Number of protein chains: 2
Amino acid sequence: MTPQHLSKVYRGYIICLNAQDWKSLGRFVHHDVRHNGRQIGLSGYREMLENDFRQIPDLSFNIQLLISDPPYVSSRLLFDCTPTGEFLGLKIDGKQVSFTENVIYEFREAKIVEVWSVIDKPAIEAQLRFSINQQQDAAQ
Amino acid sequence: MTPQHLSKVYRGYIICLNAQDWKSLGRFVHHDVRHNGRQIGLSGYREMLENDFRQIPDLSFNIQLLISDPPYVSSRLLFDCTPTGEFLGLKIDGKQVSFTENVIYEFREAKIVEVWSVIDKPAIEAQLRFSINQQQDAAQ
């Protein structure tokens, strides 16, 4: 598969996520998929994503950078959303936050078989601190 | 530049970091380099790295995955080290921690001109919690 073809497959995967088209997820995600070292399989992967959308109803995946070197894809994803309760152990409670995720995927048979993801939690913490400081300033 | 050539340049950069060969840093890092959206320039980049090695004397960059799609490189770096005091706002105080960084680089004129880095802070937090739990168990 060429880098261009793999990029196209990956963009199809992101469209599938944003449409929450879970019936089509198996076209992009391998039955034996692993996520950050854990074997979760396609059903576990779907559960993880469904849970993400429950925690973050306005979740949307936006590709900032896409790097294709078959069988690997790396992307930088941008999120601008409002988690309703906790997210990554942080109490967000409906605040609007922006953050990024740098993620690497390995493909097998044109499907994602391994994912290594890191979310920029310190960026969210900084926004929550800023939000608290603003509230304190307003109360004074 | 081919993907293979760019990978070779990147591996040279990592050797330079691990050798703390700051005199050679300008061979790999562009004068106008930006890091996570901040224009820090070559001298700021060197200061950032020197500070990392002060906080983590046994710091060593290990490439787990390397993805090359000129002018971009993405890598997953593994760290297994003992920060002496604080790191990412966490009190490490000489504990041994393992964590990863997913990082994307843009090259210009065969030098790194932009870096987008995300470090897996939740992984470090989990290790610190585990360490505290172990101490509590030992004290009981």
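B:Gln20 counts as exposed because it has 12 C-beta neighbours inside 10 Å; a residue is exposed if 12 or fewer other C-beta atoms lie within 10 Å of its own, buried if 20 or more do, and partly exposed in between, with C-beta atoms placed from the backbone. The model is predicted, and local features need pLDDT of at least 70, side-chain atom pairs count only at pLDDT 80 or more, and totals for chains, interfaces and linings use all residues. Residues are numbered from 1 along each chain as its sequence is written, while chains are lettered from A and ligands numbered from 1 in the order in which they are written.

B:Gln20 is located in the loop between helix 1 (3–18) and strand 1 of chain B. Helices (H or I, at least four residues) and strands (E, at least two) are DSSP runs, numbered from the N terminus. The phi angle of B:Gln20 is positive, near 50 degrees. Most residues other than glycine have a negative phi, and most peptide bonds are trans.

A positive phi, near 45 degrees, is also found at B:Asn36. This residue lies in the loop between strand 1 and strand 2 of chain B, and B:Asn36 counts as partly exposed because it has 14 C-beta neighbours inside 10 Å. The hairpin formed by these strands has 2 residues between them. Strand 1 and strand 2 (residues 38–39) of chain B run antiparallel and are joined by 2 bridges; two strands pair if DSSP finds at least two bridges between them. B:His35 has B:Arg38 as its bridge partner in strand 2 of chain B. Strand 1 (residues 29–35) of chain B also pairs with strand 8 (residues 111–119) of chain B, in the parallel sense and over 3 bridges. There, B:Arg34 stands opposite B:Glu114.

The peptide bond from B:Pro70 to B:Pro71 is cis, with omega near 5 degrees, and B:Pro71 is in the loop between strand 3 (62–69) and strand 4 (72–81) of chain B. In chain A, the bond from A:Pro70 to A:Pro71 is cis, with omega near 5 degrees.

Chain A contains 3 helices and 8 strands. Of its 140 residues, 28% count as buried. Between the chains, 19 residues of chain A are in contact with 19 residues of chain B, where contact requires C-beta atoms, placed from the backbone, to lie within 7 Å. Among the elements giving two or more residues to this side of chain A are strand 7 (97–108) and helix 3 (121–139) of chain A.

Note on methods:
Two residues are in contact if their C-beta atoms, placed from the backbone, lie within 7 Å.
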